[in-house]
Amino acid sequence: MAAEKSEAANAVSLVQHFFKQDEELSQECQNLITTLPTESDWFSVQIYQYQGFWHMKSLIQGILNCQNHFQAHDSDILIVTPLKCGTTWLKALVFSILNRKNAYNMNPNLDPTRTSIEPHPLLSANPHVLVPNLEFDLYFNTTNPDLSSFQSPRLLSSHLPYVSLPESVKQSRCKIVYLCRNPKDVFVSLWHFMNRLRPEVEELNTMEYLFEKFCRGVTFFGPFWDHVLGYYKESLERPERIMFLKYKELKSEPVRVLKDLGKFIGYTFSEKEENNGDVVGDILRLCSFESLRNLEVNKSGKLDSGVENKAYFRRGEVGDWKNFFTIDMIKQIEAITEDKFGKHGLKF
Ligand code: PAP
């Protein structure tokens with residue numbers, strides 16, 4: 001009972017962390033919000049449709065901050081995902097590709113006191129700490145975050161739809177790695193994640209209620225399908241700038257995808273690395289679901305927002321939707337997916 005109470009209290013404080021009072025928003029943001037379509041969201045507070053996508057009020061402030069102030073460098077690498085598409089995994093992988101020359105010890109069973117080689121940063125930090133998000137972490141509360149400690153290339157992330165990316169990102173030659181996932185698995189993952197964050201609100205607590213919203217696109221950074229299409233189209237036009245990946249291919253062909261990723265961001269694996277050292281295998285093992293999930297930092301740590309690191313490691317599988325979807329839900333979401341993606345030949 002006590003544990004239940006403290007979980008509920010934790011959920012409430014998490015929700016509060018993400019919501020700001022009007023007076024905490026800039027005048028520009030307050031004025032903008034009065035012009036936007038609005039609906040109640042998954043936490044039964046208002047969310048707003050900005051540039052065609054749904055966000056909570058405080059996030060619109062973060063988006064405006066980075067749209068107005070973030071200056072992209074040509075050498076930047078930006079990881080972009082809709083929510084729950086494998087962000088944590090991709091952050092770990094790209095971080096490890098970039099930092100492999102540092103010869104960190106990647107053994108998750110390593111005793112840090114008994115090695116002469118520095119332990120890999122992922123062994124003691126959640127991927128979201130190593131690769132911060134622009135609109136949530138860096139620009140959420142400020143127009144001028146301190147980015148001076150980032151080494152080049154700067155590795156950053158975002159959930160923003162293409163249309164809302166800062167102009168400097170669109171104009172620069174920075175690399176964007178985009179990862180998406182079967183919308184059925186996204187919904188199931190999001191449903192579980194949000195249930196950890198929100199306080200118990202009886203009347204909103206059904207999967208049907210939230211599914212209806214998801215299908216209409218009224219979900220954080222939704223509509224999911226428009227998010228994916230925005231980047232898919234850009235990746236076809238400018239494949240040298242945007243790499244478009246699916247969670248399923250990362251699962252089924254990890255070696256091929258990791259090598260492609262290395263090449264895309266300008267950190268190609270050498271023949272020696274591929275054949276003798278098995279660096280590719282080492283990275284994949286370190287960043288695997290089981291390995292990351294079992295690290296102490298991910299079992300017991302928390303992010304600054306208060307979200308527990310373990311919330312980012314649930315099942316890590318393709319097709320978990322089969323355990324939750326009714327026939328009607330399958331029909332409904334597949335019809336939307338066919339309507340949106342069919343003509344583009346995009347399949348999940
Ligand atoms: P975010 O967008 O809020 O940052 P994100 O990391 O995209 O979250 O989503 C977490 C999902 O990725 C979870 O999926 P599930 O709910 O279907 O289980 C999580 O389990 C999965 N995930 C996290 N790390 C890995 C990993 N190393 N390999 C595979 N899947 C992973």
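Student: Is Gln 51 buried, partly exposed or exposed, and what is its relative accessible area?

Tutor: Gln 51 is partly exposed, since its relative accessible area is 33%. Keep in mind that this is a predicted model.

Student: Where does Gln 51 lie?

Tutor: Gln 51 is in the loop between strand 2 (46-50) and strand 3 (53-56). Its phi is near 55 degrees, which is a positive value in a residue other than glycine.

Student: What about Phe 221, what is its phi?

Tutor: Phe 221 is not a glycine, yet its phi is positive, at about 65 degrees. Phe 221 sits in the loop between helix 9 and helix 10. With 3% relative accessibility, Phe 221 counts as buried, because the cut-off for buried is under 20%.

Student: Which peptide bonds are cis?

Tutor: The bond from Gly 222 to Pro 223 is cis, with omega near 5 degrees. Pro 223 is in the loop between helix 9 and helix 10, and that loop also holds Phe 221. The bond from Ser 152 to Pro 153 is cis as well, with omega near 0 degrees. Pro 153 belongs to the loop between helix 6 (134-138) and strand 5 (155-158).

Student: Let's zoom out. How many helices and strands does the protein have?

Tutor: The protein has 17 helices and 7 strands. It has 348 residues, and buried residues make up 54% of them.

Student: And how much accessible surface does the protein have?

Tutor: The accessible surface of the protein is about 16300 Å², and 49% of that belongs to carbon and sulfur atoms.

Student: What share of the contacts joins residues at least 24 apart?

Tutor: It is 74%, counted among contacts between residues at least 6 apart in sequence.

Student: Pick a helix. Which residues of helix 14 are buried?

Tutor: They are Val 279, Val 280, Gly 281, Ile 283, Leu 284 and Leu 286.

Student: New topic, salt bridges. How many are there in the whole structure?

Tutor: A search finds 21 salt bridges. Behind them is a general point: side chains of opposite charge can pair when their charged atoms come close.

Student: What does Glu 39 form a salt bridge with?

Tutor: Glu 39 forms one with Lys 213, and the closest N and O atoms are 3.0 Å apart. Glu 39 is in strand 1 (residues 38-40) and Lys 213 in helix 9 (residues 207-216), so the pair ties together parts 174 residues apart in sequence.

Student: Is Lys 213 buried or exposed?

Tutor: Lys 213 is buried, with a relative accessible area of 4%. Lys 213 is also part of a network of salt bridges that links Glu 39, Glu 212, Lys 213 and Arg 216.

Student: And what parts does the salt bridge of Arg 196 with Glu 308 tie together?

Tutor: The closest N and O atoms of Arg 196 and Glu 308 are 3.4 Å apart. Arg 196 lies in helix 8 (residues 183-197) and Glu 308 in the loop between helix 16 (296-300) and helix 17 (327-341), so the pair ties together parts 112 residues apart in sequence. Arg 196 is partly exposed, with a relative accessible area of 39%. Glu 308 counts as partly exposed too, at 27% relative accessibility.

Student: Last topic, the ligand. How many residues surround the ligand, and which are the closest?

Tutor: There are 21 residues around the ligand, and the closest are Thr 87, Thr 88, Ser 189, Arg 315 and Gly 316. The shell divides into 9 nonpolar, 8 polar and 4 charged residues.

Student: What does Arg 315 do there, in terms of distance to an oxygen atom of the ligand?

Tutor: A backbone N or O atom of Arg 315 lies 2.6 Å from an oxygen atom of the ligand. The side chain of Arg 315 meets that of Glu 317 in a salt bridge, at 3.3 Å from N to O. For Cys 85, a backbone N or O atom is 3.0 Å from an oxygen atom of the ligand. For His 128, a polar side-chain atom is 3.5 Å from an oxygen atom of the ligand.

Student: How much of the ligand's accessible area does the protein cover?

Tutor: The protein covers 98% of the 640 Å² that the ligand has on its own.

Student: Which elements give two or more residues to the shell?

Tutor: They are helix 4 (87-98) and helix 15 (289-293). Helix 4 gives the most, with 3 residues.

Terms used:
Residues numbered from 1 in each chain as written. Predicted model: local features only at pLDDT ≥ 70, side-chain atom pairs only at ≥ 80, totals over all residues. Heavy atoms only, no water. Buried < 20%, exposed > 50% of the residue type's maximum accessible area, 1.4 Å probe, protein only. Helix = DSSP H or I, 4+ residues; strand = E, 2+ residues; numbered from the N terminus. Near = heavy atom within 4 Å. Polar contact = N/O pair within 3.5 Å; in protein donor to acceptor, adjacent residues only side chain to side chain. Areas by Shrake-Rupley, 256 points an atom, 1.4 Å probe, with all protein chains shown as cover. Nonpolar A, V, L, I, M, F, W, Y, C, P; charged D, E, K, R; others polar. Contact = heavy atoms within 4.5 Å. Salt bridge = Lys/Arg side-chain N within 4 Å of Asp/Glu carboxyl O.
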